[in-house]
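Look at the sequence and the model below before reading on. The paragraphs that follow go through them part by part.

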Amino acid sequence: MVTTPDIPSRDVVNHDASEALADRIRRAEAEGTPLRLVGGDTKAFYGRTVEGETLSTREHRGITEYDPVELIVSVRAGTPLRELEAALAANGQMLPCEPPHFGDDATVGGMIATGLSGPRRPWAGSVRDFVLGTRIIMRQGSEQRFGGQVMKNVAGYDLSRLMVGAQGTLGLITEVSMKVLPLPGASRSLHLDMPLADALEKLAEWGRQPLPITAAAWLEGALHLRLEGGPSSVAATAERLGGDELLDGFWEALREQRLDFFAAEDPRALWRLSLPHHTPVLEVPGVTAETDVLYDWAGCQRWVRSDADAEAIRAVAHRAGGHATCWRGAGGKAVEEPFTPLDPVVEKYHRNLKTQLDPKGIFNPGRLYAAF
């Protein structure tokens, strides 16, 4: 096992602040004081506004264990994502879920808490798929470990993966163990001019074939593809599919929402539609042109600019078997209820879980829904 001093990156800072974090949580539990849990705060826009005393994980950072041979890394929650990715890249490895940063200060804890994945998601998996175990400070101030460093260690109630996307509402993540993967041997991106309907048809066809596609997005009349894998496979597929070379940096710009499509000054709200595979073109209210929609994840994730009513947009996504999240309100403003309202039965389970793990509501109260 490779320990921290042997990590191949001198930029990684190591500091264990778990005792200080646990002490503050114990006091908050005793006083009933709500806490606003933050890391780099680059994803504060994602979710509802939390009123509470800020508790930062930024001082709790560092890679605690890294075994490049076994493809496993354990890292503290306050570690900047860029430091972790640099350490992995030095060994020719990566985070397969390609998480967005949305700023230089993005942390590992924020990646886990939001559960957001990048363009590689449909082909490699989500953040949750690569989590092996976590350390979590519970409401009593005790740090508990769930899961382990191999998939078969995950047994019983899988609290580690439950924390992915919970946005800090169930406890404070202090450390996570993840599976990593080798960097691809070759990578090439293509730009193919084609109508949207043709692009979706082609993606459905190619999805049934063993092609090395790891990203697919349609925007402004063109399908953008990324091919990754062995050099010969990538070259042969690129020759077969044709098109032009795509400019470097497109996929990072898409992941980090730096494309013009995501311009904050747009007066309409920005919606994220999560849909099943092979969902056809949808008639979304408020969308007046194809340029108002960006198709990512081969069409499973669609970004829509619309000034239509939230219920109307969510109804369209629901009928298609998916759901819709208001990513950004009109004019870039926050919205009161960004997430799809829960079904009564699902809401009951959410409420019961919150009551069991955080009965006084000290962890990011109201971040997901106003009631808990």
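A polar contact is a pair of N or O atoms within 3.5 Å; within protein, one atom must be able to donate a hydrogen and the other to accept it, and residues adjacent in sequence count only if both atoms are side-chain atoms. This model is predicted, and local features need pLDDT of at least 70, side-chain atom pairs count only at pLDDT 80 or more, and totals for chains, interfaces and linings use all residues. Residues are numbered from 1 along each chain as its sequence is written, and side-chain values use heavy atoms, with hydrogens and water left out.

Start with D67. The side chain of D67 reaches the backbone nitrogen of V69 at 3.1 Å. D67 itself belongs to strand β4, residues 63-67. Strands (E, at least two residues) and helices (H or I, at least four) are DSSP runs, numbered from the N terminus. Is D67 buried or exposed? D67 is buried, where buried means under 20% relative accessible area, exposed over 50%, and partly exposed in between, with a 1.4 Å probe and protein chains only. Lys and Arg count as positive here and Asp and Glu as negative, while His and the chain ends are not counted.

The rest of β4 is the next stop. Of the 5 residues of β4, 4 are buried, and the strand is mostly covered. β4 runs antiparallel to strand β5 (residues 72-76), and 4 bridges join them; two strands pair if DSSP finds at least two bridges between them.

Next comes strand β7, residues 131-137. Why is β7 largely enclosed by the rest of the structure? It is because 6 of its 7 residues are buried. β7 pairs with strand β9 (residues 172-179) in the antiparallel sense over 6 bridges, and I137 stands opposite L172 in β9. β7 also pairs with strand β8 (residues 143-147), again in the antiparallel sense, over 5 bridges. There R135 has R145 of β8 as its bridge partner. The hairpin of β7 and β8 has 5 residues between the strands, and G141 in this hairpin takes a positive phi near 90°.

S18 lies in helix α1, residues 18-31, and counts as buried because its relative accessibility is 10%. S18 and I136 are 118 residues apart along the chain, and their C-alpha atoms are separated by 9.8 Å. The side chain of S18 also makes a polar contact of 2.7 Å with that of D16.

Further along is strand β17, residues 301-306. With 6 of its 6 residues buried, β17 is largely enclosed by the rest of the structure. In a regular strand the side chains alternate between the two faces of the sheet. In β17, Q301, W303 and R305 point one way and R302, V304 and S306 the other way, and all are buried. β17 runs antiparallel to β15, joined by 6 bridges, with L270 opposite R305. Strand β16 (residues 293-296) is joined to β17 by 4 bridges, also antiparallel, and D296 has Q301 as its bridge partner. β16 and β17 form a hairpin with 4 residues between them, where W297 in the turn has a positive phi of about 55°.

On a 1 Å grid over the protein atoms alone, a cavity is a set of points where a 1.4 Å probe fits but cannot get out, and a pocket is an open set with protein on both sides within 12 Å along at least five of seven lines; lining residues have an atom within 4 Å of a point. Grid points are joined across faces, edges and corners, and a volume is the space filled by probe spheres set on the points. The whole structure has 2 cavities of 30 Å³ or more, and the largest cavity holds about 140 Å³. Of its 16 lining residues, S117, R255, Q257, Q301 and W303 are the closest to its centre. The largest pocket holds about 980 Å³ and is lined by 34 residues. α10 gives the most to this lining, with 3 residues.

Note on methods: A salt bridge is a side-chain nitrogen of Lys or Arg within 4 Å of a carboxyl oxygen of Asp or Glu.
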